[in-house]
Amino acid sequence: MKAVQFRAHGQGPELVTLPDPVPGPGQVLLRVTAAGICHSDLSLMAAEPGTLSFAPPVTLGHEAAGVVEELGPGASGVAVGDAFAVYGPWGCGVCRACAAGRENYCPHAAALGIRPPGLGSPGALAEYLIVDHPRHLAPLDGLDPVQAVPLTDAGLTPYHAVAESRHRLPPGSTAVVIGVGGLGHLAVQILRALTPARVIALDVTEERLSLARSSGAHEALLSDAAAPAALSGLTGGMGAAAVYDFVASPATTALAAGAVAADGHLAVLGIGRGSVPVAFGSLRPGVTVTVPYWGTRQELLDVLALARAGRLSTRTETFSLDQAPEAYRRLSEGGIVGRAVVVP
């Protein structure tokens with residue numbers, strides 16, 4: 001089969017040919033129908049040797065959708081031909097967190113060598129994908145796989161962040177979304193679907209601000225030197241009840257820390273190496289700071305249900321497997337608005 005791999009630190013992705021995988025006991029083989037490309041893949045490939053929990057080569061792609069091609073011995077609950085999205089943050093399956101469907105916070109996965117597809121295990125940028133257990137399959141139930149596949153991360157991650165902080169967003173409150181890319185434009189829609197809050201979105205280009213407005217943002221601002229004053233003015237100097245930073249560069253975390261209200265909530269979701277100082281006097285009093293990771297199995301079902309109800313729509317641009325290296329190049333240059341999706 002064809003696959004796109006991260007093969008060496010500091011190098012771009014490569015299109016390779018690999019043997020077709022065979023499912024082992026309890027596993028499911030999917031024929032991939034869509035795979036999302038994420039900015040975090042660029043960070044993997046740029047990482048210094050020895051800094052990751054796994055070593056290349058590895059097939060990329062942690063957003064996956066496909067059709068069941070074959071069941072391994074003992075696998076049950078799904079049938080050949082069924083269409084699914086893949087829940088990515090695999091856990092041990094037996095601990096307290098996994099029993100609650102919160103495999104994204106499994107405390108044993110790393111020690112057991114359990115890694116998500118594309119992030120240590122072979123990923124979805126290939127013609128076929130091995131899924132470790134049927135519990136990690138969420139029925140598409142008629143959803144277009146190209147539209148649905150970004151929801152497994154770009155939708156699930158902001159949904160998880162908003163679901164765990166929505167109690168802070170009553171009528172009359174304000175939520176701020178920093179970064180209107182693959183995750184941010186879905187975050188705007190999720191905030192509109194789950195809360196009555198006014199949503200303010202920030203980014204650095206007019207194209208992305210246009211995407212924010214079309215996604216439902218009440219206000220869209222350039223993230224520049226004037227942004228702190230603009231946010232202060234829009235919130236009457238009080239700050240926003242919740243701030244979601246999908247960039248997390250030093251500049252945006254500073255902006256986020258200054259924009260969050262007393263007793264507010266700040267979620268750091270980007271991988272831009274910025275940080276938020278948490279100490280008495282460094283933030284308004286009562287602020288909570290979280291670093292959410294992906295989402296729960298139930299939340300993936302919730303996200304897909306929102307899409308079926310017409311409440312979530314992903315801005316996508318499609319590529320073939322052969323074109324995936326070019327898609328990564330454009331992503332690294334800021335040339336992808338929304339989410340790049342590979343269709344094998």
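Me: How many disulfides are there in this structure?

Reply: A disulfide is a covalent bond between the sulfur atoms of two cysteines. The model here is a predicted one, and the count comes to zero disulfides. Cysteine 95 shows how to read this: the nearest cysteine sulfur belongs to cysteine 92 and is 3.7 Å away.

Me: Is cysteine 106 buried or exposed?

Reply: Buried means under 20% relative accessible area. Cysteine 106 has 12% relative accessibility, so it counts as buried. Cysteine 95, at 10%, is buried too.

Me: Where is aspartate 153 found?

Reply: To place a residue, look for the elements on either side of it. Aspartate 153 lies in the loop between helix H3 (145-148) and helix H4 (156-163).

Me: Which residues is aspartate 153 in contact with, leaving aside its neighbours within four places in sequence?

Reply: They are Cys38, His62, Glu63, Pro158, Trp294 and Arg339. Distance in sequence and distance in space are separate things to read. Aspartate 153 and tyrosine 87 are 66 residues apart in sequence, with 8.5 Å from C-alpha to C-alpha.

Me: What does the side chain of arginine 168 make a polar contact with?

Reply: Its partner is the side chain of threonine 288, at 3.4 Å. Arginine 168 sits in the loop between H4 and strand E9 (174-178). Beyond residues up to four places away in sequence, arginine 168 also touches others, including Asp263 and His265.

Me: In what order do the six strands of the open sheet come?

Reply: The order is E11-E10-E9-E12-E13-E14, with parallel pairing. Strand E11 (219-222) and strand E14 (288-290) are the edges, each pairing on one side only. Inside the sheet, five bridges join E9 to strand E10 (residues 198-203), and alanine 175 stands opposite valine 199 in E10. Helix H8 (residues 250-259) packs on the sheet and touches E9, E10, strand E12 (240-245) and strand E13 (260-268).

Me: How many residues has the largest nonpolar core?

Reply: It has 85 residues, and Ile37, Leu125 and Tyr244 have the most contacts inside it. A second, separate core of 20 residues includes Ile200, Leu221, Leu255 and Ala259.

Conventions:
Residues numbered from 1 in each chain as written. Predicted model: local features only at pLDDT ≥ 70, side-chain atom pairs only at ≥ 80, totals over all residues. Heavy atoms only, no water. Disulfide = S-S within 2.5 Å. Buried < 20%, exposed > 50% of the residue type's maximum accessible area, 1.4 Å probe, protein only. Helix = DSSP H or I, 4+ residues; strand = E, 2+ residues; numbered from the N terminus. Contact = heavy atoms within 4.5 Å. Polar contact = N/O pair within 3.5 Å; in protein donor to acceptor, adjacent residues only side chain to side chain. Core = buried A, V, L, I, M, F, W, Y, C linked by side-chain atoms within 4.5 Å. Pairing = 2+ DSSP bridges. Axes fitted to C-alpha atoms, helices over the stretch in contact; angles between N-to-C directions.
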